[in-house]
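Hi,

Here is the structure I promised to pass on to you. Have a look at it first, and then read on for what turned up in it.

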Amino acid sequence: MDSFRVLVVDDEEDFLETLVNRLKKRNLDAVGVKSGEEAVEEIREKRYDVVILDIKMPGGMDGIETLREIKRIQPLVEVLLLTGHASVETSIEGMKLGAFDYLMKPIKLEELLVKLGQAFEKKDTHDQKIRGAKIKELMRFPGRVFKQIKEEDKE
Amino acid sequence: MKGAMYRSLQRRIILVTLLVSYAPLFILGFSIYYQFYNTCRDLTEQQLRYRAQAQAAVVDLFLKEHSAILSAMADTNRFDFMVEDRNLSRILEVMNNRAGGFVDLGVINSDGLQRTYIGPYELEGLNYYDEPWFAETMARGLHVSDVFLGFRRSPHFIIAVRRQEGNRTWILRSTVDSEVFGSLVRAAQVGRTGDAYIVNRDGTFQTSPRFGGKILDPFFLPTNLFGGSTTVLERKTDGHTRLYAGTWLKNNKWLLVVNQGTEEEMSRLFATRDLEIIIICGGMLVILLATVFITRALVGRLQQNDQKVSELNAQLIQSDKLAALGKMAAGVAHEINNPLAVIQQKTGWMEDLLEEEELKQSENIEEFKNSLQKIEEHVDRARKVVHGMLGYARKMEPHLEDVDVNGTLKQTTELLANYARINNIDIQTDFGADLPIIAADQAQLQQVFFNLITNAIDAIGQNGEIRIISEKVQDQIRVHVQDNGPGMTEEQQRRVFDPFYTTKTTGKGTGLGLWISYSIIEKMGGTIAVHSRQGEGARFTVQMPIVIPEKK
Ligand SMILES: Nc1ncnc2c1ncn2[C@@H]1O[C@H](COP(=O)(O)OP(=O)(O)O)[C@@H](O)[C@H]1O
Ligand SMILES: [Mg+2]
């Protein structure tokens, strides 16, 4: 597996651009998009480990809807909610929908990196479990094993 | 101002109650007195009337008897016999034996000449022809005169009868003893003020009254006021009321008057009246005391309730205001947090870039780094304000655990002991020993105490004392934080719980401490109140319900 892939979703362009640059500078494979729709598109097409998602975005899909859609497409991706205002209700809803945690803006990059690390770790253990399970399953049908593993490695 | 309102209310209630309860009392008292007075007066009047009638009968009988005796003597003896001194004297003796009171006896011929006279005066040989009684007797046969002075110049009255003896007409005449007659009339007198006398039609006393005049003086009441049967009149003379009962005698000339001061007869009534007045006054006093007492208690209770209601209202207004501000703050926070986040990221990015080799060579690199550091610090300060405003109490639901309030207070005090010591502030604690363990969020509670104690230290500045008291009052725990700092004006007290209200210099105070504390305690179902007077320090009182932790 190569470097971790992060998708940052925020309507505030200045914030988005800078955060993506800083993440990239720390050797993370980060991509930024400005709306929920674009994020869903991205998730549909590529594999991501973690999504950093702004809850409150004016116009179009808001954070919660986007989160629901993302989880539907890639259930295993970890989502960190980011918000400018703490509303207990939205946060609880987000957690119910399977978000990993939620953070309040402005957040120091160091803190964000700590959370990101935790999220990657969780994603990684998940992935390994699934990979293990898949290998076990494929062992029972030896003919297909190599082909499958080859395919997964490509992604 | 409020006190005056309650006092006037109290006065009005007392007034109305007294009016309503005194009026029937007065009416009852007065009507009882009036009834009693009437009964009493009727009784007195009745008695007086009976006495007058009875006495009149006695006097009538006296006159009739004396006239009858005189007539009998005249009828049974001839003129010739009568003119003998010896015989006439004997007859006077017989008459007085039959009925006393005859003073003298005289025989008068038809020419008015007194032929013979037996008695204490020298009246023999006098001629009565011109006297009014002579003509009267000659005309009617029997005559009882009014009282007059006559030849003897002393008041008396006479009874005379005419006798027809063949051709001769003569008169037998006798004087009745004024004393005997007077004492007979006076027998009707009763008591200290009673009086009885006879008055003739012209209003002249025929017997001596006990008071107000003597025989032959004029009577002050016109006799025509007295009617046919017995009449009772009431007259007031020099402040005393008297009842006069008058009965005309059978001869229709004389009026027997019996009178009496009402005071004497009515004295029983007055005794009763005095007793009644005392009882009514006593009742009034009792009513007055009861009314004042009850009204006082009532108005006091009312005042207390009103105060409670207005305190409650103040709290409601306070929490409404804070809730509205909270909502607004949440909106504002979002608008501020986003730009802050951008600034923070941009600064971070610049720092990242400064790490690159070519920039590291720049001579101003340290200045740059310093400036960026400062920007970050201030962004962080702004972030703290905004996060504080939202209250990290709000971010998470309170996390309930078993909390020992005294323990929490002790920890907080220890935390601040050093800060206090530097400023020469003495912290005294007095923790109630009977506080139960409650279910609460310890971190939040600690935050509240921390705020209150730092505020007290900040308020005092240097040299002073803080007292921290905890106590259990019924089903609540109260914590007082009291300082001897400068205190607050009423205006300040109203605003201390408002967000961003601070009197401290920028950077030192955010004005959020009390606001957050208020929300935390409110969420627990308690209250924070401030009591202060300018120049006399301040006391913050936290009141929390005792929530017993569930057993695990
Ligand atoms: N014990 C006290 N004595 C006098 N004033 C006080 C006291 N506690 C609070 N205050 C006043 O209330 C204001 C608000 O307090 P607080 O909400 O804690 O904010 P801050 O401490 O940041 O100013 C303070 O600035 C001060 O003027
Ligand atoms: Mg404070």
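This is a predicted model: local features need pLDDT of at least 70, side-chain atom pairs count only at pLDDT 80 or more; totals for chains, interfaces and linings use all residues.

Pro106(A) sits in the loop between β5 (101-104) and α5 (109-139) of chain A. The peptide bond that leads from Lys105(A) to Pro106(A) is cis, and its omega is near -15°.

Now for the ligand. Which residues come nearest to ligand 1? Of the 19 residues around it, they are Asn455(B), Asp483(B), Thr502(B), Thr503(B) and Lys504(B). Asp483(B) has a polar side-chain atom 2.8 Å from a nitrogen atom of ligand 1. In Thr502(B), an N or O atom of the side chain is 2.6 Å from an oxygen atom of the ligand. The protein buries 94% of the 530 Å² that ligand 1 exposes when taken alone. By kind, the shell around ligand 1 holds nine nonpolar, eight polar and two charged residues. Its largest share, three residues, comes from α11(B).

Two asparagines in chain B are worth a look as well. Asn252(B), in the loop between β8 (240-248) and β9 (254-261) of chain B, has a positive phi of about 65° although it is not a glycine. Asn424(B) lies in the loop between α10 (405-422) and β11 (425-431) of chain B, and its phi is near 55°.

Happy exploring!

Conventions
Residues are numbered from 1 along each chain as its sequence is written. Chains are lettered from A and ligands numbered from 1 in the order in which they are written. Side-chain values use heavy atoms; hydrogens and water are left out. A residue is near a molecule or strand if one of its heavy atoms lies within 4 Å of it. A polar contact is a pair of N or O atoms within 3.5 Å; within protein, one must be able to donate a hydrogen and the other to accept it, and residues adjacent in sequence count only if both atoms are side-chain atoms. Accessible areas come from the Shrake-Rupley method with a 1.4 Å probe; for residues, only the protein chains shown count as cover. Helices (H or I, at least four residues) and strands (E, at least two) are DSSP runs, numbered from the N terminus. Ala, Val, Leu, Ile, Met, Phe, Trp, Tyr, Cys and Pro count as nonpolar, Asp, Glu, Lys and Arg as charged, and the others, Gly among them, as polar.
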